[in-house]
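Hello,

Here is the structure I promised to pass on. Please open it first, then read my notes below.

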Amino acid sequence: MRVNRMLLSATLVVVALVIQVSVLARLQLPGAVPDLLLLTVLGLAMVYGHVAGALIGFGAGLLADLAPPADHAAGRYALVLCVIGYLAGLAKPENGRMRSATVPMIVVVAAAIGTTLLYAGVGALVGDTAARHVGLGSLLFSAAVYDLLLAPFTVPFIMALARRAENDPLADTQGGGSNVASGWISSAGTGLRIGNQRGGLRMKAAKSRAAKAGRIKGVKRL
């Protein structure tokens, strides 16, 4: 991953986690809690791809597992977001641009439902039956609705920031070498074109001076 990718991803994940714990978790909404951390992972994954999405999802989930007031085993949410980030990254278009908002919205709904199911499934494997007491159906519905309502205000902004970081000229040489090289080549090509234009203007000026000198000599001879 590029350095600018890692810095931007870490910053967005930390900010999302702080808002998630300090604001969204205290709203006491019925059912699930709006998952800003999940939306952050989705926005980054749909720009950076499945590999980066899996890494970002794992790191974000691990922070959520360790941040208070977490009451589950560490690594549980990291595993869930790692899988979701990988799958969301597969929705990245070849040109890196989404033509409409339909695909991101579908990804958000599918991710909200998939995250809830995976989290409940992993919890069942480790003996956590909290989802059964709350009601899995209500959790699925509320998670999808809350995340879908929050997504238009977060996902496009995150994707725009990720695209801007992707085009940053200060990227490291591993991922941005081709971009830097192409920039140097384009600059060199521009310089050659300017040099050729200047050379052409000098040749025209020399020819015009020679023509004037020839006309003056002809007049003097006459």
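**What I found**

Start with burial: 36% of the protein's 222 residues count as buried. Keep in mind that this is a predicted model.

The fold is helical. There are eight helices and zero strands. Read from the N terminus, the order is α-α-α-α-α-α-α-α.

The largest nonpolar core holds 37 residues. Leu 37, Leu 42 and Tyr 48 have the most contacts inside this core. Two or more core residues come from each of helix 1 (3–22), helix 2 (36–48), helix 3 (50–66), helix 4 (76–89), helix 5 (102–125) and helix 7 (136–166). Helix 2 gives the largest share, eleven residues.

Take a look at Leu 42. Which residues does Leu 42 touch, leaving aside neighbours within four places in sequence? They are Ile 84, Ala 88, Val 107, Val 108 and Ala 111.

The accessible surface is about 13400 Å². Carbon and sulfur atoms account for 68% of that surface. One nonpolar surface patch covers about 520 Å². Its members are Leu 79, Val 83, Tyr 86, Leu 87, Leu 90 and Leu 118. Helix 4 supplies the largest share of the patch, four residues. Leu 87 is a patch member and sits in helix 4. Helix 4 also gives two or more residues to the core, so please view that helix from both sides.

Best wishes

Methods:
Residues numbered from 1 in each chain as written. Predicted model: local features only at pLDDT ≥ 70, side-chain atom pairs only at ≥ 80, totals over all residues. Heavy atoms only, no water. Buried < 20%, exposed > 50% of the residue type's maximum accessible area, 1.4 Å probe, protein only. Areas by Shrake-Rupley, 256 points an atom, 1.4 Å probe, with all protein chains shown as cover. Core = buried A, V, L, I, M, F, W, Y, C linked by side-chain atoms within 4.5 Å. Contact = heavy atoms within 4.5 Å. Patch = residues over 30% accessible without salt bridge, like charges linked within 9 Å, V, L, I, M, F, W, Y side chains within 5 Å. Salt bridge = Lys/Arg side-chain N within 4 Å of Asp/Glu carboxyl O.
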